[in-house]
Amino acid sequence: MNANLIQQQAAYKSQALSSFSDKHERKSNVRSNDTPRKKPRLESPAISKNPLRFKWIKLCVDRLRKRYQKVKKPITLEDLIKNIRLELDPAEKNWLFNALKENVKCHFDYEKKRFSFKPTYEMHSKNDLLSLLQNKYENGLGGILLDDVNECLLKGDEVVKELEQEALIKTIVRSDKRTVLFYRDTSVEHQVDDCFKEVWNMISVKEINEGDIESYLKRVGITLMSNLDSKSMQPKKRPVKRKRKVKMLNSHLTSDILKEFD
């Protein structure tokens, strides 16, 4: 073989080896500079299979609610566990700590590391409830559920009865049997004479259908609700049952040929 070719082959091999070593060094440097990724913490299988874990959350939330009604002071997780008299290991305490932080009824103070109850509305007395209902009435925001009142006030039912007796609020029971409280504005309430009630009941509206009422409201400038138009209020027609055609067999035979056998 020619000596020049041998020299070129040797130079090519040395260049290939040097380039490969440079690439390998670069990859190792990049890997060393990368920060190690933290693996996500997986829930312990012993805790995930423990049926009492949801009971722990319920007990803690109930205790926080009672503290909100009486003391209104935040509390640490250790003191909360002692008050409930739970016996938990460190892994279970860590799971409960994270679960309470994510609970919608718990507020966690990151500076003081303490938990407190998080009610739907901030109220601590009868006057707070009345002012909140009045504010909702003036802004057209509706009422408040009795359940939300009971989670804030220690004797919520008694407070509601007192306000009803004073004619300051009005209660309505919904179809799902939940009670809603509304502010009662006595300034818009008027006494109607019995004579006017009798005349009102004597007026017949049989000749007026839903379409006439809808057109009248549009002329006056009153818009209907989207789900309460005249088409949706009409009764649904029941589907008519069609009679099935039955095939007659042996229709080509006369009655003389056919005979009945007992």
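**Exercise 1. Overall make-up**

How many helices and how many strands are there in the chain?

Solution. The model is a predicted one, and its chain holds eleven helices and five strands. As a next step, consider burial: of the 262 residues, 21% count as buried. The chain exposes about 23000 Å², and carbon and sulfur atoms supply 53% of that area. Finally, take the contacts between residues at least 6 apart in sequence; among these, 53% join residues at least 24 apart.

**Exercise 2. The buried face of helix 4**

Determine which residues of helix 4 are buried, and explain on which side of the helix they lie.

Solution. Begin with the list: in helix 4, which spans residues 77-84, the buried residues are Leu77, Leu80, Ile81 and Ile84. These residues cover an arc of only 100° around the axis, and therefore they sit on the same side of helix 4. The general rule behind such a pattern is that an α-helix has 3.6 residues a turn, so residues three or four places apart point the same way. The next step is to find what this buried set packs against, namely helix 3 (53-70), helix 5 (90-102) and strand 2 (114-117). Just after helix 4 comes Arg85, which takes a positive phi of about 65°.

**Exercise 3. Salt bridges across the sequence**

Solution. Side chains of opposite charge can pair when their charged atoms come close.

- Step 1. Glu151 and Lys105 meet through their side chains at 3.2 Å, N to O. This pair links distant parts of the chain, with Glu151 in the loop between helix 7 (146-150) and helix 8 (156-165), and Lys105 in the loop between helix 5 and strand 1 (106-109), 46 residues apart. Glu151 is buried, with a relative accessible area of 11%, while Lys105 counts as partly exposed at 23%.
- Step 2. Lys126 and Glu162 form a salt bridge at 3.6 Å, N to O. Because Lys126 lies in helix 6 and Glu162 in helix 8, the pair ties together parts that are 36 residues apart in sequence. Lys126 is partly exposed, with a relative accessible area of 25%, and Glu162 is likewise partly exposed, with 37%.
- Step 3. In the salt bridge between Asp147 and Arg178, the closest N and O atoms are 3.2 Å apart. Asp147 is in helix 7 and Arg178 in the loop between strand 4 (169-173) and strand 5 (179-183), so that this pair, 31 residues apart, links distant parts of the chain. Asp147 counts as partly exposed at 42% relative accessibility, and Arg178 as partly exposed at 32%.
- Step 4. Salt bridges that share partners join Lys126, Glu162 and Glu166 into one network.

Definitions and conventions: Residues numbered from 1 in each chain as written. Predicted model: local features only at pLDDT ≥ 70, side-chain atom pairs only at ≥ 80, totals over all residues. Heavy atoms only, no water. Helix = DSSP H or I, 4+ residues; strand = E, 2+ residues; numbered from the N terminus. Buried < 20%, exposed > 50% of the residue type's maximum accessible area, 1.4 Å probe, protein only. Contact = heavy atoms within 4.5 Å. Areas by Shrake-Rupley, 256 points an atom, 1.4 Å probe, with all protein chains shown as cover. Arc of directions from axis to C-beta. Salt bridge = Lys/Arg side-chain N within 4 Å of Asp/Glu carboxyl O.
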